[in-house]
Amino acid sequence: MSGYNSVLVAIDVFANEHSKVVEKALELAGSPGKINLIYVAYPQTNFEPYGLFLERDFSEEVREQALKKLQGIADGHSIPRTHLHVAIGSAAEEIHEMAKKLNADLIVMGTHGQSGVQLLLGSTANSVLHGIECDLLAVKV
């Protein structure tokens, strides 16, 4: 049995590397009910050319697409759909905020480790590491 009661798993739903990350989180949590999934997207805005100053915000469309992908991932691992979160903004800030809101004691995320601390963790994982009050597990994908 693990000592983790609330695990926040940050994944990129548009990459096919999330399976290993979610499986590691499930192994540590011991129960799908202790898992929350989050995907964070940057705001998606398009400015029209020729000085028309028309702006279109695609953030809601991205949120809907990401939520559908998260639902598929959650269903495949028996994670409750009420434990799915899509945020728009800075990845590190949104992950910090959600971890505090959920009182998470572990954040799990994937990384493309290479060499050096920044490269080892990746820029997002490194940013998340600074400022959290819980454990962070970076799973090499």
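**Figure 1. Helices and strands of the predicted model.** The protein contains five helices and seven strands, and the model shown here is predicted. Read from the N terminus, the elements follow the order β-α-β-β-β-α-β-α-β-α-α-β. The protein has 141 residues, of which 42% count as buried. Among contacts between residues at least 6 apart in sequence, 70% join residues at least 24 apart.

**Figure 2. The open sheet.** Five strands make up an open sheet with parallel pairing, in the order β5-β2-β1-β6-β7. Strands β5 and β7 (135-140) are the edge strands, each pairing on one side only. From one strand to the next, the twist averages 25 degrees. Within this sheet, β1 and β2 run parallel and are joined by four bridges. Leu-8 has Asn-36 in β2 as its bridge partner.

**Figure 3. Helices α2 and α3 against the strands.** Helix α2 lies across β2 and β5, and runs at about 155 degrees to β5. Helix α3 (residues 91-102) lies across β1, β2, β5 and β6. The angle of α3 to β2 is about 155 degrees.

Figure 4. In soluble globular proteins, nonpolar side chains tend to be buried together. The largest nonpolar core of this model has 24 residues, and Val-9, Ile-35 and Leu-37 are those with the most contacts inside it. Two or more residues of this core come from each of β1, α1, β2, α2 (59-77), β5 (84-88) and β6 (106-111). Apart from it lies another core of 17 residues, including Leu-8, Ile-38, Ile-95 and Ile-132.

**Figure 5. Surroundings of Leu-37.** Leu-37 is one of the residues with the most contacts inside the largest nonpolar core. With residues up to four places away in sequence not counted, Leu-37 touches Val-9, Val-22, Leu-70, Ile-73, Ala-74, Ile-79, His-83, Leu-84 and His-85.

**Figure 6. His-83 in the loop between α2 and β5.** His-83 is placed in the loop that connects α2 and β5. His-83 counts as buried because its relative accessibility is 17%, below the cut-off of 20%. Not counting residues up to four places away in sequence, His-83 touches Gly-33, Ile-35, Asn-36 and Leu-37. Of these, Ile-35 and Leu-37 are named among the residues with the most contacts inside the largest nonpolar core, and Asn-36 is the bridge partner of Leu-8.

**Figure 7. The aromatic pair of Phe-14 and Tyr-39.** The structure holds one aromatic pair. Phe-14 and Tyr-39 form this pair in an edge-to-face arrangement, at 5.5 Å centre to centre and with 80 degrees between the planes. The pair links distant parts of the chain, its two members being 25 residues apart. Phe-14 belongs to the loop between β1 (7-10) and α1 (18-29), whereas Tyr-39 belongs to strand β2 (residues 35-41). Phe-14 has a relative accessible area of 40% and is therefore partly exposed. Tyr-39, by contrast, has a relative accessible area of 10% and is therefore buried.

**Figure 8. Tyr-4 and its contacts.** Tyr-4 is located in the segment before β1. Its relative accessibility is 22%, so Tyr-4 counts as partly exposed. With neighbours within four places in sequence left aside, Tyr-4 is in contact with Leu-28, Ala-29, Lys-34, Asp-105, Leu-106 and Asp-135. The side chains of Tyr-4 and Asp-135 are joined by a polar contact of 2.6 Å. Tyr-4 and Ile-35 are 31 residues apart in sequence, and their C-alpha atoms are 9.8 Å apart in space.

Figure 9. Ser-78, a residue other than glycine, has a positive phi near 60 degrees. Ser-78 is found in the loop between α2 and β5, and is exposed, with a relative accessible area of 57%. Asn-103, also a residue other than glycine, has a positive phi near 55 degrees. The loop between α3 and β6 holds Asn-103, which counts as exposed at 63% relative accessibility.

Key: Residues are numbered from 1 along each chain as its sequence is written. Side-chain values use heavy atoms; hydrogens and water are left out. Rings of Phe, Tyr and Trp (its six-membered ring) pair if their centres lie within 6.5 Å; planes under 30 degrees apart count as stacked, over 60 as edge-to-face and the rest as tilted. Buried means under 20% relative accessible area, exposed over 50%, partly exposed in between (1.4 Å probe, protein chains only). A nonpolar core is a set of buried Ala, Val, Leu, Ile, Met, Phe, Trp, Tyr and Cys residues joined through side-chain atoms within 4.5 Å. Contact means heavy atoms within 4.5 Å. A polar contact is a pair of N or O atoms within 3.5 Å; within protein, one must be able to donate a hydrogen and the other to accept it, and residues adjacent in sequence count only if both atoms are side-chain atoms. Two strands pair if DSSP finds at least two bridges between them. Axes are lines fitted to C-alpha atoms, for helices over the stretch in contact, and angles run from 0 to 180 degrees between N-to-C directions.
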